[in-house]
Amino acid sequence: AIEMAKRLAALGNKVRVYSSCGAMGEGIYDGVKYLLTEKYHDLKCDVLIASRMAEALSEGLNIRSKKRYLWTHDVVPKGLTPELAKRADKILVLSEWHKENVLKYNPYLDADQIEVTQNGLTLSRFDVKVERNPHKAVVSSSPDRYLPALLKIWPQVRAEIPDAELHIF
C-alpha cells in the first residue's frame, strides 16, 4: 500500500492514507499524506481504495467518492458482507486463484466485480545476488495465519526433505 500510494502521488494525485501512522506519526511522506485511522470519516475524494477492511466502505463513515475499490490482500476479504460488496465498484485481488477463492467464499459476488491486480514494490530494493537454497522455507506472515498448519505439516516436509530449513521473520 505504501508503494502504491507513493506512485499514485508521483503521478500527480492527491493521496491520503489512514493508518496507525507508525513511529513517525502523521505527516506527508513521499508526497502522501498519512493520517490517523480515527480521522477516517466525513470525507470526499474521487477514488477510494480501501485496503483489506471492507468496513471502510460502510455508509456510516460518510465517505463520498466517485469510485470505490476494496483491495484485499488476504485469502478472503475481511468483514465483507453482501451490503458492503454492493458499495464496491471493484474488489481487487492478487491472482486468478485469489479471485476464484474470493468467489467461492462470497457467492453473492459477481465475477465481473473482481479485478486481478498485483502488489506494488520497488524492484531496485531487490537488486542483489543471493545464493539460493532450494530447501530453505521462509515465513514472514503473522503466526496466526500459518502456525497451526505449519506445525502439522513440518514433520512431513522434513520426512521428504531431511535438510529442509525453516526461517521465521
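Leaving aside residues within four places in sequence, Leu 109 is in contact (heavy atoms within 4.5 Å) with Leu 80, Ala 85, Ile 91, Val 102, Leu 103 and Ile 114. The structure is a predicted model, in which local features require a pLDDT of at least 70 and side-chain atom pairs count only at pLDDT 80 or more, whereas totals for chains, interfaces and linings use all residues. Residues are numbered from 1 along each chain as its sequence is written, and side-chain values use heavy atoms, with hydrogens and water left out.

The protein chain contains four helices and nine strands; helices (H or I, at least four residues) and strands (E, at least two) are DSSP runs, numbered from the N terminus. Along the sequence these elements follow the pattern α-β-β-β-β-β-α-β-α-β-β-α-β. The C-alpha trace spans about 55 × 40 × 25 Å along its principal axes. Of the 169 residues, 28% are buried, a term that denotes under 20% relative accessible area, calculated with a 1.4 Å probe on protein chains only. Among contacts with a separation of 6 or more, 37% join residues 24 or more positions apart.

Several strands are paired, pairing being assigned if DSSP finds at least two bridges between two strands. Strands β4 (43-51) and β5 (63-71) pair in the parallel sense over eight bridges. Within this pair, Ala 50 has Leu 70 of β5 as its bridge partner. The parallel pairing of β5 with β6 comprises three bridges; here Tyr 69 stands opposite Lys 90, and Leu 70 has Ile 91 as its bridge partner. Strand β6 is in turn joined by three bridges to β7 (residues 114-116), and these two strands run parallel. Ile 91 is partnered there by Ile 114. The chain passes from β6 through α3 to β7 in a right-handed β-α-β crossover. A crossover is right-handed if, with the strands pointing away from the viewer, the path from the first strand over the helix to the second runs clockwise. The unit formed by β5, α2 and β6 is likewise a right-handed β-α-β unit.

Leu 109 lies in the loop between α3 and β7. Its relative accessibility is 8%, and it therefore counts as buried. Leu 109 and Leu 94 are 15 residues apart in sequence, and their C-alpha atoms are 17 Å apart in space.

In soluble globular proteins, nonpolar side chains tend to be buried together. A nonpolar core is defined as a set of buried Ala, Val, Leu, Ile, Met, Phe, Trp, Tyr and Cys residues joined through side-chain atoms within 4.5 Å. The largest such core has 20 residues, of which Leu 57, Leu 70, Leu 80, Ile 91, Leu 109 and Ile 114 touch the most other members. At least two residues of this core are supplied by each of β4, β5, α2 (82-87), β6 (90-93) and α3 (96-105). Strand β4 makes the largest contribution, with four residues. A second, separate core has six residues, including Ala 5, Ala 9, Val 32 and Tyr 34.

Helix α4 (residues 147-160) has 14 residues and should therefore span 20 Å at 1.5 Å a residue, which agrees with the 20 Å between its end C-alpha atoms; the expected span is 1.5 Å times one less than the number of residues. A kink of about 40° occurs in α4 at Ile 153, shortly before the proline Pro 155. The bend at a residue is the angle between axes fitted to the seven residues ending there and the seven starting there.

Notes
Buried means under 20% relative accessible area, exposed over 50%, partly exposed in between (1.4 Å probe, protein chains only).
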